[in-house]
Amino acid sequence: MAAAIQTEQLSKTYSVGFPVRKKVLALQGLDLKVEEGEIYGLLGPNGAGKSTTIKLTLNLIRPTSGSVKVFGLDPSEPKARAQIGFLPENPAPYEYLTGVEFVTLAAQLVGVPSGELKSRVSEVVEKVGMGTAAALQIRRYSKGMIQRISLAQALVGRPKLLILDEPTSGLDVLGRQLIRDVIVEERKKGTAVLFCSHIIPDVEALCDRVALVIGGKNIRTGTVSSLIESDSNQVELVIDGAVAALDEKLRPHVKQLDRLSERVVVRCEESATNTVLKVLLEANARVVKLQRTKFTLEELFIKAVKESGQAVGSSMS
Amino acid sequence: MSAFNGMLALAVNGFRESRRNRVTVVVYLFAAILIFAATFALEMTVGTFERVMTDLGLGVISIITVVLTIFLGSGLIPREIERRTIFMIVSKPVARSSFVVGRLLGNLLTSFFVLVIMAVLLIGQMVVEGTPIRESLVVALIGIALEVLVLSCVSFAFAAGSSQFVSAVCCSGLYFLGHLSTDLYKFADRAKSPVLGFLGKVAYYVLPNLDRLDFKGRATYADPTPWSELGGSVVYAIGYSVVMIVIATAVFERRDFK
């Protein structure tokens, strides 16, 4: 069975500037595979190539080299795009149409049969919690309402692949919860979701797998837990009743030492674990916990960006 | 989904959007100008009221529809790209050519709607004043409709690959040049330099010949236009428009939406 999205050595170069044209490498040989029915997170700083990847998947731009397939089809084929629902970052629907009219237009464009139009539109409008507000012209909507109606237009074609670019940015708690609920519900139906967000707790909570994209390349891919664990080569020890004099003996072997009232928490390289344990046992200290250090996805993200030499939040282009 | 259904949905919604946007205001403005002009003309003219009314009415209709057509045609695609509305439309299973034609049809519906409203107002005003409605007036209105068709397609051809400003400037330039095309041909014919002569003739054939679609002068003097001449103008306008649509879709097909 073909993957929902598969890219192979996908590259995109933009020419910018006038009169002297400068080349900007937005993507450099990106390999990515989003399976059916999974929520796949794209993480990366500004200008990393996330939006470029999405645009290539939707045929909004064409690759300079490499390929991208949607359910085995080229995105330039309407059949491929018929299976996609897309919510862009900061969506701007036609402002003089009402919410219902805009979602109806989207339904017509994805080929919903005319007999089903009304019921399908009502269904998604209710799902995103717009209710009677959908009868108002979009220019009267708040940011949250625009986000909701744009999500409705993405869902109205019952897509097999949902692409969401920063779906929760700028939303209040209820709006974020609604979007999260919709994503989980869609996954239950077997829809693949490509989820692109700067809000790392959302990515951590929702995604089955995550790709870290930096400088137009896929730096790391895996489940959130595997990424966090694979990156950790440090060990954390919690020691009970250690006297202050022990600190000096430990310092040469540990990376971090924190004294918390009765307990001491030390972090050391995995290779130094035995040495540290030996020092502790010789001093009759009681080790109450020994575990591999766990990073959050956010820590991992910042570390990966720093390693790549790109400033966090900087733009390449 | 058939390409036709997609185009139709885009056209209908484009028309709906424009109608709510600014078109009504333009129509009301025209009505006010027309009523004022009629009163003014009655006061100022002796015996030539029909001529002044026809001339003034057609002139205002022509100016308003041309400005509206260039404004709508030049701004629609660039604005959608700038606001990124286009991301949600072109990513659907609709061909880019269907998008261009659908949006163009929506624009044409809007311009024709305004034209019809203004024509009805003018004819209504003439009926109220007891001025006869002649065939030449109808022919002149058809000519304005053909001009709207050509200018819409020209503005889309420019807008498909450039900004709103560039498109509006180029389209306005072509409008004026298009009305000078007969003079351009005469100039090319009389030019001493063969290069200038050749370039002038090339420009004559490339630029839209809007003089061919302008029957306002004849309407003013109630001169009839042979139907064969009008038929030729219809064929010319449609042919030129088709070429412009082909250029617009070809440019739009190749465009990257960054």
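This is a predicted model: local features need pLDDT of at least 70, side-chain atom pairs count only at pLDDT 80 or more; totals for chains, interfaces and linings use all residues.
Two strands count as paired if DSSP finds at least two bridges between them. Strand β1 (residues 5-16) of chain A and β4(A) are joined over five bridges, in the antiparallel sense.

**Sheet of chain A**
- Three strands form an open sheet in the order β2-β1-β4 (chain A).
- The pairing is antiparallel.
- The edge strands of chain A are β2 (22-34) and β4 (65-70), and each pairs on one side only.
- From one strand to the next, the twist averages 30 degrees.

**Helix on the sheet**
- Helix α1 (residues 50-57) of chain A packs on the sheet.
- This helix touches β1, β2 and β4 of chain A.
- The direction of α1 makes about 70 degrees with that of β2(A).

**Contact between chains A and B**
- Chain A puts 28 residues into the contact, and chain B puts in 24 residues.
- On the side of chain A that touches chain B, the elements giving two or more residues are α2 (78-81), β5 (84-87), α3 (99-109) and α5 (143-155) of chain A.
- α3(A) gives the most to that side, with five residues.
- By residue class, the side of chain A that touches chain B has 19 nonpolar, four polar and five charged residues.

Key. Residues are numbered from 1 along each chain as its sequence is written. Chains are lettered from A and ligands numbered from 1 in the order in which they are written. Helices (H or I, at least four residues) and strands (E, at least two) are DSSP runs, numbered from the N terminus. Axes are lines fitted to C-alpha atoms, for helices over the stretch in contact, and angles run from 0 to 180 degrees between N-to-C directions. Two residues are in contact if their C-beta atoms, placed from the backbone, lie within 7 Å. Ala, Val, Leu, Ile, Met, Phe, Trp, Tyr, Cys and Pro count as nonpolar, Asp, Glu, Lys and Arg as charged, and the others, Gly among them, as polar.
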